[in-house]
Amino acid sequence: MSYEVRCACGQTREASAANAGASLLCVCGRAIEVPPLHQLRLAAGEAVLSAAVRVEALLLKGLLPGTRECSVCFRETGDVVHVAVECERGRMTTASGTPREQAAAGCLLGALIGGLPGLIAANRMMKQTEVEGPKQIGQDVAFTLPLPVCVDCRFDLDERQSLVRALRAIPDYAALLDRYPAALLRLVG
Ligand SMILES: [Zn+2]
Ligand SMILES: [Zn+2]
């Protein structure tokens, strides 16, 4: 994980965790003070975390999706489908049960978990509940999101594109997808 630090002259340099609290020499000759690691992590992760933590919290409280309007045709419906959203693939367990390392796909969260009490607290809460909801699989951040979709529209959700469009009808899901554009989506029922 590298972080960006900016010199007074406007140039940026990459800093690693090892540079935290020290200084880097800019091409202009000035020394750039690198903040302590927790500050670097916060600065890099605050925006990313807010969407995931918010969705986690709302799911645990049972406040999502927060509407009965079909996410495709916007008519009122009592039907709900569930979409598995895998925001980050840190470690996957294959069918045979062998853990396999996977490249992280466009998400930063795994690298940031250490310094963020909010998410850790949320994860602890999750462990106590057996409800469909966010699950921490190794370094993955995964959710099963309830989505109001009427029976007529259900079959329009075959493609990722239409699934994304439907999810985006819910503002908190849209924020999550903004943060994790490479998230894996799967209709689970
Ligand atoms: Zn400079
Ligand atoms: Zn509909």
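User: What is the relative accessible area of phenylalanine 74, and where is that residue placed?

Analyst: Phenylalanine 74 has a relative accessible area of 48%, so it counts as partly exposed, a class that lies between buried (under 20% relative accessible area) and exposed (over 50%), worked out with a 1.4 Å probe on protein chains only. Phenylalanine 74 is placed in the loop between H1 and S5, and it has a positive phi of about 65° although it is not a glycine. This is a predicted model, in which local features need pLDDT of at least 70 and side-chain atom pairs count only at pLDDT 80 or more, while totals for chains, interfaces and linings use all residues. Residues are numbered from 1 along each chain as its sequence is written, chains are lettered from A and ligands numbered from 1 in the order in which they are written, and side-chain values use heavy atoms, with hydrogens and water left out.

User: How many helices and strands are there in the protein?

Analyst: The protein has five helices and nine strands, where helices (H or I, at least four residues) and strands (E, at least two) are DSSP runs numbered from the N terminus. Along the sequence they follow the pattern β-β-β-β-α-β-β-β-α-α-β-α-α-β.

User: And what share of the residues is buried?

Analyst: Of the 189 residues, 38% count as buried. The protein exposes about 10,600 Å², with carbon and sulfur atoms supplying 52% of that area; accessible areas come from the Shrake-Rupley method with a 1.4 Å probe, and for residues only the protein chains shown count as cover.

User: Back to that loop between H1 and S5: what joins leucine 64 and proline 65?

Analyst: Leucine 64 and proline 65 are joined by a cis peptide bond, with omega at about 5°, and proline 65 lies in the loop between H1 and S5. The C-alpha atom of proline 65 is separated by 6.8 Å from that of isoleucine 170, although the two residues are 105 apart along the chain.

User: Is isoleucine 170 buried or exposed, and which residues is it in contact with?

Analyst: Isoleucine 170, in the loop between helix H4 (160-167) and helix H5 (171-179), is buried, because its relative accessible area is 3%. Leaving aside neighbours within four places in sequence, isoleucine 170 is in contact (heavy atoms within 4.5 Å) with Leu64, Pro65, Thr67, Ser71, Leu147 and Pro148.

User: What about serine 71, buried or exposed?

Analyst: Serine 71 is buried, with a relative accessible area of 5%, and its place is in the loop between helix H1 (37-60) and strand S5 (80-86). Not counting residues up to four places away in sequence, serine 71 touches Leu147, Pro148, Val149, Ala166, Ala169 and Ile170.

User: Which residues of H4 are buried, and what covers them?

Analyst: The buried residues of H4 are Ser162, Leu163, Val164, Ala166 and Leu167, and what covers them includes S5, S8, H5 and strand S9 (184-187).

User: Changing topic, how many salt bridges does the structure hold?

Analyst: The structure holds three salt bridges, each defined as a side-chain nitrogen of Lys or Arg within 4 Å of a carboxyl oxygen of Asp or Glu. In one of them, aspartate 172 pairs with arginine 54, and the closest N and O atoms are 2.5 Å apart. This pair links distant parts of the chain, with aspartate 172 in helix H5 and arginine 54 in helix H1, 118 residues apart. Aspartate 172 counts as buried at 15% relative accessibility, whereas arginine 54 counts as partly exposed at 48%.

User: Why can such side chains pair?

Analyst: Side chains of opposite charge can pair when their charged atoms come close.

User: What are the N to O distances for glutamate 76 with arginine 68 and for aspartate 178 with arginine 168?

Analyst: Glutamate 76 and arginine 68 have their closest N and O atoms 3.5 Å apart, and both of these residues are exposed. The side chains of aspartate 178 and arginine 168 meet at 2.7 Å, N to O. Aspartate 178 is in helix H5 and arginine 168 is in the loop between H4 and H5, 10 residues apart. Arginine 168 counts as partly exposed at 36% relative accessibility.
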